[in-house]
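Reader: Could you take me through a few details of this structure? I will ask as we go.

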Amino acid sequence: MNWVEYFLFQIYPYLCLSVFVIGCWARFDRSQFSWRAESSEFLERKTLKWASNSFHVGVLGLMMGHAAGLLTPPQLTEMLGLSAHAHQLLAVGAGSVFAVFAAVGGAGLIYRRVFNKRVKATSRPTDLFILLFVYAQLWLGILGLPHSMMHSDGHTMEILGEWCRGVLTFRSGLPNLLTAIPWVYKLHLVTGMTLFLLTPFTRLVHVISAPIWYVFRPGWQIVRQNHHVANDET
């Protein structure tokens, strides 16, 4: 273990979580009007409708799958009759489905933000940056699928889960757990932690609000009339 790995896998997780918690609290306390997804639906709707829904379904599914798969102790999954091998196959299967949704939707959102003149003109540099960053993180996860399928005994997944649970329980010696882990997983961990670091400063904060209802909302705009103004005009 060298000092770089010690920083990345022992210190960096707590740095990211601290910035995430304090930064989100400070932004909500000092700038609540900026706590929004900043939708550009009124500028272009056709591509946004299918791309955004596909992307959000995929990403939310992957987030919940990662949380359940990595934070659940192996003793509990064994009590449920799910072996490490079956657990990994389930994770790979479900993750692949959600990854396809996210990859297709993400490609549509990137294309829209880059090539739609109206959307591009109203976008900030951080909007495209964070979208590309999330998309790169998604593909790092996809690149790890071949290794998961060739080594489906669940050992790698158990190590990654032990590391994640160790972070939450303030365990020491965490980098030693990842010695034999392939580089693509380590890079996936680092970029995943960096997303927590970037969240308070980008539109990613809207993920905390979990706007799942967005997928099922109707396609019309609700307009409320000011009856006092209407009565004065008559």
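Predicted model: local features only at pLDDT ≥ 70, side-chain atom pairs only at ≥ 80, totals over all residues.

Reader: Is Gln-137 buried or exposed?
Author: Gln-137 is buried, because its relative accessible area is 11% (buried is under 20%, exposed over 50%, partly exposed in between, with a 1.4 Å probe and protein chains only).

Reader: Which side chain does Gln-137 join in a polar contact?
Author: That of His-188, at 3.1 Å (a polar contact is a pair of N or O atoms within 3.5 Å, one able to donate a hydrogen and the other to accept it; residues adjacent in sequence count only if both atoms are side-chain atoms).

Reader: Changing topic, at what angle do H8 and H10 pack?
Author: Helix H8 (residues 155-168) and helix H10 (residues 183-198) pack at about 30°. They are therefore roughly parallel (angles under 35 degrees; over 145 is roughly antiparallel, 65 to 115 roughly perpendicular and the rest oblique).

Reader: And how far apart are their axes?
Author: The axes of H8 and H10 are 12 Å apart (lines fitted to C-alpha atoms over the stretch in contact, with angles from 0 to 180 degrees between N-to-C directions).

Reader: Finally, how far is Ser-209 from Trp-35 in space?
Author: Their C-alpha atoms are 9.2 Å apart, although the two residues are 174 residues apart in sequence. Ser-209 is partly exposed, at 48% relative accessibility.

Note on methods. Residues numbered from 1 in each chain as written. Heavy atoms only, no water. Helix = DSSP H or I, 4+ residues; strand = E, 2+ residues; numbered from the N terminus.
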